[in-house]
Amino acid sequence: MVRVSPAVRGARPLRVAQVSFHCDAQRRDAETLLHAWPTLPGIASAAARAGVEVTVVQGAARRQTLVRDGVTFHFVDDPRGMPVRLPGGVPLVRRPDRILALVAGLRPDVVHVQGFQYPLAVHQLMRALPGVPVLVQDHASQPPRGWRRRAWRWAYRPLAGAAFTARQQAAPFVAAGVLRPGLPVFEVVEGSSAFAPGDREAARRRTGLTGDPCLLWTGHLNANKDPLTALAAFELAAPQLPDARLWCCYGTAPLLDAVRRRIAASPVLRERVTLLGRRPHAAMEAYFRAADFLVQASHRESCGYATIEAMACGTPPLVTDIPPTRRMVGDAGSLTPVGDARALACAMVAWAALDRAALRRRARARFECALSYDAIGRELRAAYEALAGAR
């Protein structure tokens with residue numbers, strides 16, 4: 001690998017390879033994947049608009065190359081990069097030689113890898129590009145246990161930097177020894193949304209949502225998302241909000257029976273909570289526009305796409321005070337302690353009394369300055385330049 005001096009590099013844009021070893025289980029073609037995974041082209045194009053020369057290298061079922069918005073996307077059919085399962089379900093990731101060779105041929109100044117889930121492949125990548133800083137961005141990973149923790153620790157020792165939505169999210173990885181103390185950690189939001197504000201009344205006619213305030217829950221019905229705390233909060237707030245309604249969109253629902261029992265046991269919840277189930281993602285823009293507030297009670301999030309999409313539509317979030325939401329929401333929404341139904345109920349009542357139009361403007365303004373694709377592009381450029389300058 002030929003190193004590029006800072007003086008020479010200053011004469012051209014920083015050259016970055018964004019790499020993902022994750023292969024689509026459905027084996028879709030490149031055009032379909034770019035449509036199905038909008039964050040993939042959205043993040044790359046944002047970095048390019050920020051002044052970075054970006055090339056994307058994506059593991060795939062077939063080899064294809066596309067160019068979109070000034071970014072070249074290489075989809076690499078690298079079967080050796082696809083994990084196989086040993087007896088007992090243990091994954092064995094083979095050396096992704098085609099991906100490694102393509103990335104090395106790009107002669108990048110920085111490599112940005114999506115996800116911690118492929119430690120061996122990332123380690124092989126770092127060995128194939130000596131002297132090139134590698135940044136790994138978290139996508140909802142947790143530090144592993146047992147022998148996997150030791151493997152991750154060995155694999156990520158040469159890492160130049162890590163990216164999380166909020167810097168505090170790196171702490172468990174450092175405590176586990178997966179990331180070394182003092183490793184540069186950059187705050188970069190995982191993704192954004194093309195959703196936008198729109199006419200609330202038209203959205204309510206389209207979706208059927210009503211209420212004053214109209215509260216929208218989106219998320220899985222599981223212990224981490226904690227719908228039971230949200231229901232308890234709404235029940236506590238309901239006497240002071242006689243016209244409020246809570247609408248629940250959800251995907252997987254291991255707690256569905258418990259949620260139904262909780263609603264059935266309360267006259268207030270029976271009358272004013274509606275379980276909508278799953279809705280197509282494209283339809284969610286109208287639901288966010290129709291709602292006065294997003295309600296979530298998550299214990300843990302990587303970044304929280306529902307919060308991003310709500311704020312893109314100008315819908316203020318009433319969410320739990322955890323590192324990623326604290327960093328994303330700022331003063332454009334409410335942050336309450338995890339599991340605290342009374343605090344969330346107080347937030348519902350207090351925020352319902354505020355100027356709704358002003359709150360919507362504030363939520364959208366926060367989205368544009370901190371959560372939009374262009375904001376992420378600026379964050380990425382700053383991270384890339386810091387790593388390239390430290391070589």
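Analyst: This is a predicted model. Start with the helix pair. Helices α16 and α17 run roughly parallel to each other, because their axes cross at roughly 30 degrees and angles under 35 degrees count as roughly parallel. Helix α16 spans residues 356-371, and helix α17 spans residues 373-389. Their axes come within 5 Å.

Which residues make the contact? From α16 come Glu368, Cys369, Ala370 and Leu371. From α17 come Tyr373, Ala375, Ile376, Arg378 and Glu379. By class, the contact of α16 with α17 has six nonpolar residues and three charged ones, with no polar residue.

The largest cavity has a volume of about 50 Å³.

What lines the largest cavity? The lining residues are Trp217, Leu221, Pro227, Ala230, Leu231, Leu246, Cys248, Val259 and Leu275. Two elements give two or more residues to this lining: α9 (227-237) and β12 (245-249). Helix α9 provides the largest share, three residues. Pro227, Ala230 and Leu231 are in the lining, and their numbers fall within the 227-237 span of α9. Leu246 and Cys248 also line the cavity, and their numbers fall within the 245-249 span of β12.

Nine of its residues are nonpolar, none is polar and none is charged.

Terms used: Residues are numbered from 1 along each chain as its sequence is written. This is a predicted model: local features need pLDDT of at least 70, side-chain atom pairs count only at pLDDT 80 or more; totals for chains, interfaces and linings use all residues. Side-chain values use heavy atoms; hydrogens and water are left out. Axes are lines fitted to C-alpha atoms, for helices over the stretch in contact, and angles run from 0 to 180 degrees between N-to-C directions. Helices (H or I, at least four residues) and strands (E, at least two) are DSSP runs, numbered from the N terminus. Angles under 35 degrees count as roughly parallel, over 145 as roughly antiparallel, 65 to 115 as roughly perpendicular and the rest as oblique. Contact means heavy atoms within 4.5 Å. Ala, Val, Leu, Ile, Met, Phe, Trp, Tyr, Cys and Pro count as nonpolar, Asp, Glu, Lys and Arg as charged, and the others, Gly among them, as polar. On a 1 Å grid over the protein atoms alone, a cavity is a set of points where a 1.4 Å probe fits but cannot get out, and a pocket is an open set with protein on both sides within 12 Å along at least five of seven lines; lining residues have an atom within 4 Å of a point. Grid points are joined across faces, edges and corners, and a volume is the space filled by probe spheres set on the points.
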